[in-house]
Every structure is written in C-alpha cells, then in structure tokens.
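Trainee: I'd like to learn how to read the features of a protein model. Could we go through one together?
Mentor: Gladly; here is the structure.

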Amino acid sequence: ENPQLSSLDKTDLAFSEGSQSLHKPEPLEKVLNVVRKLMALVLILTTDFFQLSERAAMDASYVQELDGILKEARTIENHLKQKRESLKQRFTVIANTLQS
C-alpha cells in the first residue's frame, strides 16, 4: 500500500474497487439510449408545462372578462331598478291626479 494515501482515500479506493465488482459497466449505446429517452421525457414535460401555463393565462383572462361582464350587468340592473322606481312614482302621481 502507498503510505501517502490518507485513510479517507483508502476508503474511497476500496469503495470504488468494490463498486466496480458489484456492477458491470453498461455499454455506451445503452447509456445513450437512456439519456435520449430522459431528454425526450423532459422535452414532453416542458412542452406540457408551457401549454398548461398558456391555458392558465387564458383562463385568467376569461375570468377577468367575465368579471367585467358581471360588473356591467349589475350596473345595468341597478339602473333598471332606478328607472322602475321612478316610473312607479310617476304612475302614482298620475293615478292620484286622475282620482282627484
């Protein structure tokens, strides 16, 4: 053994030698195929993420548009209620005038 190696280096060396005996190195082609599959999966997931982000943005714009429509509808409803109340008062005045 080399006396210059620290005990930590000896442990690392023993572990790496032991791990080589436990696992056969994979052929490069097989490793590349796995990497390609992982890259394809990442691409698919990234594409899906961007599509979902775009849909979420569209949904948010729809919600804003619907909020605007709802606000406008409430404004119109309040205006119509005021008009109805005004007409009721006018009809009451007319009816009272006709009865007199």
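Trainee: To what number of salt bridges does the count come?
Mentor: Keep in mind that this is a predicted model. To read such a contact, look for a side-chain nitrogen of Lys or Arg within 4 Å of a carboxyl oxygen of Asp or Glu. By this rule the count here is one salt bridge. The partners are lysine 81 and glutamate 77, whose side chains meet at 3.9 Å, N to O.

Trainee: How are lysine 81 and glutamate 77 placed along helix α2?
Mentor: They are four residues apart in helix α2, so about one helical turn separates them.

Trainee: And how accessible are lysine 81 and glutamate 77?
Mentor: Between the cut-offs of 20% for buried and 50% for exposed, a residue is called partly exposed. Lysine 81 counts as partly exposed because its relative accessibility is 43%. Glutamate 77, at 41%, also counts as partly exposed.

Trainee: How many aromatic pairs does a search of the whole structure find?
Mentor: The search finds one aromatic pair. Its rings belong to phenylalanine 49 and phenylalanine 50, with centres 5.6 Å apart and planes at 65°, so this pair is edge-to-face. The general idea is that two aromatic rings are described by the distance of the centres and the angle of the planes.

Trainee: Is phenylalanine 49 buried or exposed?
Mentor: Phenylalanine 49 counts as exposed, because its relative accessibility is 54%.

Trainee: Which residues form a nonpolar patch on the surface?
Mentor: The patch is made of Leu28, Val31, Leu32, Val35 and Met39, and together they have about 460 Å² of accessible area. Take leucine 28 as an example: this residue lies in helix α2, which covers residues 28–99. With a relative accessibility of 63%, leucine 28 counts as exposed.

Trainee: Let's step back to the whole protein. How many helices and strands are there?
Mentor: The protein has two helices and zero strands.

Trainee: What percentage of the residues count as buried?
Mentor: Of the 100 residues, 0% count as buried. The accessible surface of the protein is about 9,800 Å², and carbon and sulfur atoms account for 63% of that area.

Terms used
Residues are numbered from 1 along each chain as its sequence is written. This is a predicted model: local features need pLDDT of at least 70, side-chain atom pairs count only at pLDDT 80 or more; totals for chains, interfaces and linings use all residues. Side-chain values use heavy atoms; hydrogens and water are left out. Patches are made of residues with over 30% relative accessible area and no salt bridge: like charges are joined within 9 Å, nonpolar side chains (Val, Leu, Ile, Met, Phe, Trp, Tyr) within 5 Å. Accessible areas come from the Shrake-Rupley method with a 1.4 Å probe; for residues, only the protein chains shown count as cover. Buried means under 20% relative accessible area, exposed over 50%, partly exposed in between (1.4 Å probe, protein chains only). Rings of Phe, Tyr and Trp (its six-membered ring) pair if their centres lie within 6.5 Å; planes under 30 degrees apart count as stacked, over 60 as edge-to-face and the rest as tilted.
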